[in-house]
Amino acid sequence: MMPDLDPNTDLSFTRRLSVPRQLIWDCWTQPRHLPHFFIPAPNRVTSVDIDLRVGGRFNTTFDVDGTVMDNKGIYLEVVPGERLVFTDTYTEGWKPVPEPFMTAVLLLADAPGGGTTYTAIARHRSAETCKAHRDMGFFDGWGTVATQLEAYARTLAA
């Protein structure tokens with residue numbers, strides 16, 4: 001189910017990926033897979049810690065041009081094979097963070113003719129935060145992640 005989108009605070013795109021939905025789900029929910037696609041190359045994911053349940057942690061560490069970036073968050077919704085919602089608004093134990101950035105919604109469905117219909121949504125608290133994310137390159141960045149995800153998932157299907 002597609003949530004109602006607010007053009008002032010939500011960014012989204014949908015793409016057909018040429019791999020089965022279960023592989024896309026596995027890539028997003030198993031720590032060993034995320035370093036292969038989760039941040040646009042040449043940047044790297046250096047650490048992943050997942051507790052895949054509502055309220056469970058979704059923590060990653062990135063190396064972006066030599067700068068270490070810790071990202072801590074939790075899952076808000078987990079519908080196996082269909083929907084994954086995570087946020088940096090809270091950390092494990094429902095502890096609020098002082099300056100949250102976004103909530104991500106990933107929707108997966110079987111695509112007509114095969115593959116996966118992949119929708120990524122970034123929801124923001126304000127129009128200003130949304131604009132900042134757009135200006136940072138949401139579409140290019142998340143698009144690159146989708147391309148990397150598809151390429152990596154193809155190696156798992158072989």
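A146 touches F13, R15, L17 and Y118, leaving aside residues up to four places away in sequence; contact means heavy atoms within 4.5 Å. This is a predicted model, in which local features need pLDDT of at least 70, side-chain atom pairs count only at pLDDT 80 or more, and totals for chains, interfaces and linings use all residues. Residues are numbered from 1 along each chain as its sequence is written, and side-chain values use heavy atoms, with hydrogens and water left out.

**A146 and its helix**
- A146 lies in helix 3; helices (H or I, at least four residues) and strands (E, at least two) are DSSP runs numbered from the N terminus.
- A146 is buried, with a relative accessible area of 0%, where buried means under 20%, exposed over 50% and partly exposed in between (1.4 Å probe, protein chains only).
- G55 is 91 residues from A146 in sequence and 25 Å away in space, C-alpha to C-alpha.
- Helix 3 (residues 138-157) lies across strand 1, strand 9 (103-110) and strand 10, at about 25° to strand 1.
- Axes are lines fitted to C-alpha atoms, for helices over the stretch in contact, with angles from 0 to 180 degrees between N-to-C directions.

- Five strands form an open sheet in the order 1-10-9-6-5, with antiparallel pairing; two strands pair if DSSP finds at least two bridges between them.
- Its edge strands, strand 1 (10-17) and strand 5 (74-79), each pair on one side only.
- Neighbouring strands of this sheet are turned by 10° against each other on average, direction ignored.

**Strands 1 and 10**
- Strand 1 pairs with strand 10 (residues 116-123) in the antiparallel sense over eight bridges.
- F13 stands opposite A120 in strand 10.
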